[in-house]
Amino acid sequence: MISSPVLDPTRLAKFREALLAASFTADGCLDLLGPTGYSALARSEAVPALRATRGGSPLETLVRLFLLQQPVPYRAAAAALPVEDCLADGWLRPDGDLVRATVDVRPYANEVAGMPSSDAWVVSDLGCAVGGAGGIGSGETAHGVARKDLVLGVGGASTTLANITVRRPVRAALDLGSGSGVQALHAARHAGTVTATDLNPRALRFTELTLALSGFDSTEVSAGSLFEPVGERKFDLIVSNPPFVISPGGRFTYRDGGMAGDDLCRGLVRSAADHLEPGGYCQLLANWQHVKGEDWHERLAGWVAGTGLDAWVVQREVQDVAQYAELWLRDGGDHRGPGGDYQARYGEWLDAFEAGRVEGIGMGWITLRASGAERPTVRVEEWPHPVEQPLGPHIEAWFDRQDFLRSRDDAGLLAARYVLADEVVQEQVGAPGAEDPEHVILRHNRGMRRATKVDTVGAGFVGVCDGTLSAGEIVDAIARLLGEDRVVLRDRVPESLRLLTEQGFIDPVR
């Protein structure tokens, strides 16, 4: 197996300085390639970028070397990099009068809500930066690396997890299943210490390279499965983009959990409570089975039951078993191999699903919090609609509102004051020319971008909800205006208050 580059702090600092001097950053590459070429590269399409990098400048040379994996003349590489150091440490290898990259080094804008963007670089295996391992062929090795040990770069899943993660200053964070270190890279900006674990020792090496090249040195790495490497330690934040793929085997360490069905994701959820500090969050991506005769909502709620954790489970997509098998067979490049092998492996997936009575696979995210509540809140929902990213601040606000709601009875809700959330609009729906609308819709243009139908009272309430009066005082005024019994209205309104607060249309004043 080809080893990863050497991590020499002094020479790595020189390497980083050269990348910055050439503007080999996310913004620099966007300026060079333009929106069209940059977007094409994100789809693993290289032709526009090749056309845009024919000038031989240091930035063009670095793009060809590390993003397009093209050989470049030694002299061009020497003008852009400390080339002898890079050859000695294994970032480059000689090829006659040319040099080639041994790994993908991809500029990454390390963005954390509330903080300025920071230039970073993610190190991964060649051909694995975007969209899985499907672009490297179907053999047992790729670029001298056993396929099962491949380390992927930044993909859609890792970006989603980074965007939904709650970002607040914390003492200790854990990246469980770190891969190339994308989540650890984000956590390093707001955590005192970051621990990264992975079953693949090679992945941990890439995590160290990613963090060190990006200027962070406070990451501890430990090899092992799931929570085993950290023993009984507790963390304020746990993030995981685990090997969640529900497959009939464990061919790829980066994606196949090697457990039956969705047991790996279930086990992560069940174990999280033992490793969270009070108030701590655990956030992970997951796949789960839709089993014939079982309600998937109840099945997922069962994962959380008895843990003492608040939970918000969001299903973003459901695929039938054939779609799911095809997705991951293509991810592994099996469609590029002999047709008989592809069909045999396809059959293995369908056999496994049939044996487990699996009708479909749900995909989404799970957020857990150690609130310490006597009666934890567990919400399991399907939401395939567009959301606003980054969603992390909205997820944190949702859990904060759960604390408020479970600490108030109906009288407490009426005694509280509320303000209308930012960017909530009202839509009136009815027949053209009608004097009054048939119903009123509140639509939130932030966060989950929810919409809900309200009656006249609800519309009137949010219209004057500016934090000045208590909810009860507003309801009394509406009762007088409509000529309704204030006691009856006070009995009816708290249910709507809970819904509007839970979904973020109104925020309690604290």
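How many aromatic pairs does a search of the whole structure find? Here are some notes on that, with the reminder that this is a predicted model.

1. The search turns up 15 aromatic pairs across the whole structure. One of them is Tyr-324 with Trp-328: the ring centres are 6.3 Å apart and the planes meet at 65°, so this pair counts as edge-to-face. The cut-off behind that label is an angle over 60 degrees.

2. Where do Tyr-324 and Trp-328 lie? Both belong to helix H12, which covers residues 321–331, and they are 4 residues apart, or about one turn of the helix. Tyr-324 is buried, with 0% relative accessible area. Trp-328, at 13% relative accessibility, also counts as buried, because the limit for that word is under 20%.

3. A further pair to look at is Phe-404 with Tyr-418, again described as edge-to-face, with 6.1 Å from centre to centre and 90° between the planes. Phe-404 sits in helix H14 (residues 392–406) and Tyr-418 in strand S16 (residues 417–420), so this pair ties together parts that are 14 residues apart in sequence. Are these two residues buried or exposed? Both Phe-404 and Tyr-418 are buried.

4. Back to the helix H12 residues: Tyr-324 and Trp-328 also belong to a cluster linked by ring pairs, together with Phe-244, Trp-349 and Phe-353.

5. Finally, a charge over a ring: Arg-450 lies over the face of Trp-383, at 4.9 Å from the ring centre.

Terms used: Residues are numbered from 1 along each chain as its sequence is written. This is a predicted model: local features need pLDDT of at least 70, side-chain atom pairs count only at pLDDT 80 or more; totals for chains, interfaces and linings use all residues. Side-chain values use heavy atoms; hydrogens and water are left out. Rings of Phe, Tyr and Trp (its six-membered ring) pair if their centres lie within 6.5 Å; planes under 30 degrees apart count as stacked, over 60 as edge-to-face and the rest as tilted. Helices (H or I, at least four residues) and strands (E, at least two) are DSSP runs, numbered from the N terminus. Buried means under 20% relative accessible area, exposed over 50%, partly exposed in between (1.4 Å probe, protein chains only). A charge sits over a ring if NZ of Lys or CZ of Arg is within 6 Å of the ring centre and within 35 degrees of the ring normal.
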